[in-house]
Amino acid sequence: MNLKEKIFNLLNEKNTEFISGQYLAEVFNVSRNAVWKAVNSLRKDGCNIYAVQNKGYTLDSGGIFTGEIIKSYMQLPVKIEYIPNVTSTNDIIMEYGRQGAEEFITVVADSQSNGRGRKGRIFYSPDNAGTYFSILLRPNVHFSESLYITTAAAAAVTEAIKQLYNMDTQIKWVNDIFYNGKKICGILTEAHLDMESGTVDYAALGIGINVFEPKESYHKDIKNIAGAAFPRSLFDNKIRCEITAKVIEIFYEYYKNLSDMTFLNTYKSRSFLTGKNITVEKDGIMQKAFVKGIDDKCRLSVLFENGIEENLLSCEVSL
């Protein structure tokens, strides 16, 4: 933990109390100038730190969304890098993967100008509305098991929202989270493969959650399907920080023993499509099917109109 993080944690712990620069210098065995530089760096990150002569520093953490605030809600020793505006958090994490960065480094953004979903679709990522983050993974699993990364993440999102706010969300196979019939979260896993072994060398797990309704209405192309966990009137950055932290924590526990699939029961129980009639697009052909459920390999179990049953690994489905 660097000096900046230590100072932030102490200010956050003391809440509204003032802490002198001299005290901080003595506690962390650094110079007053080092404290001043760390405080200024925190301010540049968006932390509202106030300085009052003869009293010291105090932190107003209620109205900001930064990596330090997110980390304050977590017990994990992971690095969180907050970048207010990015093209895509997945792009940054994939580059970190190529550079050999440590596993589980997480990039969090307030907005994305080029956020994307499956098949190159645009993922609308406006500022001051959601949380958009990507995690660097080095899973060392065969490519055939990489689906479990996405499904574990989907289970983590639904479980986090349930634990924090007692809200029941559902998973639309494979990677979308729905609430009150609207999509509030998309998940995209992109991987670099070791072609000789067929294993995943590194991967970027991208998660975008519409925490609050955006300041402006959703684009007409997605207005009928996009939703948010909370209305705009309840906007609070604390909620965005809490959700981000809780999703990362729960996913971390699932990921530690990914092959054990401890997330499976949650994933199955929150299936949005089970018991519904859907349209399956497979090899360019549209077919009607009934969804029986999710099997033990996270495949979609369907019964086609012609009576054939199949467990689908990857394809486009719609209601």
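Visitor: Is Arg116 buried, partly exposed or exposed?

Guide: In this predicted model, Arg116 is partly exposed, with a relative accessible area of 25%.

Visitor: And which side chain does Arg116 meet in a salt bridge?

Guide: That would be Glu190, at 2.9 Å from N to O. Arg116 sits in the loop between β4 and β5, while Glu190 belongs to strand β8, so their pairing ties together parts that are 74 residues apart in sequence.

Visitor: What about Glu190, buried or partly exposed?

Guide: Glu190 counts as partly exposed, at 21% relative accessibility. Its bridge partner in β9 is Ala204.

Visitor: Nice. How do β8 and β9 pair?

Guide: Strands β8 (residues 182–194) and β9 (residues 199–209) run antiparallel to each other, paired over 10 bridges. Both belong to an open sheet of 7 strands with mixed pairing, in the order β3-β4-β5-β9-β8-β7-β6.

Visitor: Which strands are at the edges?

Guide: β3 (80–86) and β6 (170–172), each of which pairs on one side only. From one strand to the next, the twist averages 20°.

Visitor: Which strands does helix α5 touch?

Guide: Helix α5 (residues 89–99) packs on the sheet and touches β3, β4, β5, β8 and β9. Helix α7 (residues 237–256) packs on the sheet too, touching β3, β4, β5 and β9.

Visitor: Back to salt bridges: how many does the structure hold?

Guide: There are 15. One of them joins Glu159 and Arg270, with their closest N and O atoms 3.1 Å apart. Glu159 lies in helix α6 and Arg270 in the loop between α8 and β10, so this pair links parts 111 residues apart in sequence.

Visitor: Are those two buried or exposed?

Guide: Glu159 and Arg270 are both buried.

Technical notes:
Residues are numbered from 1 along each chain as its sequence is written. This is a predicted model: local features need pLDDT of at least 70, side-chain atom pairs count only at pLDDT 80 or more; totals for chains, interfaces and linings use all residues. Side-chain values use heavy atoms; hydrogens and water are left out. Two strands pair if DSSP finds at least two bridges between them. Helices (H or I, at least four residues) and strands (E, at least two) are DSSP runs, numbered from the N terminus. Axes are lines fitted to C-alpha atoms, for helices over the stretch in contact, and angles run from 0 to 180 degrees between N-to-C directions. Contact means heavy atoms within 4.5 Å. A salt bridge is a side-chain nitrogen of Lys or Arg within 4 Å of a carboxyl oxygen of Asp or Glu. Buried means under 20% relative accessible area, exposed over 50%, partly exposed in between (1.4 Å probe, protein chains only).
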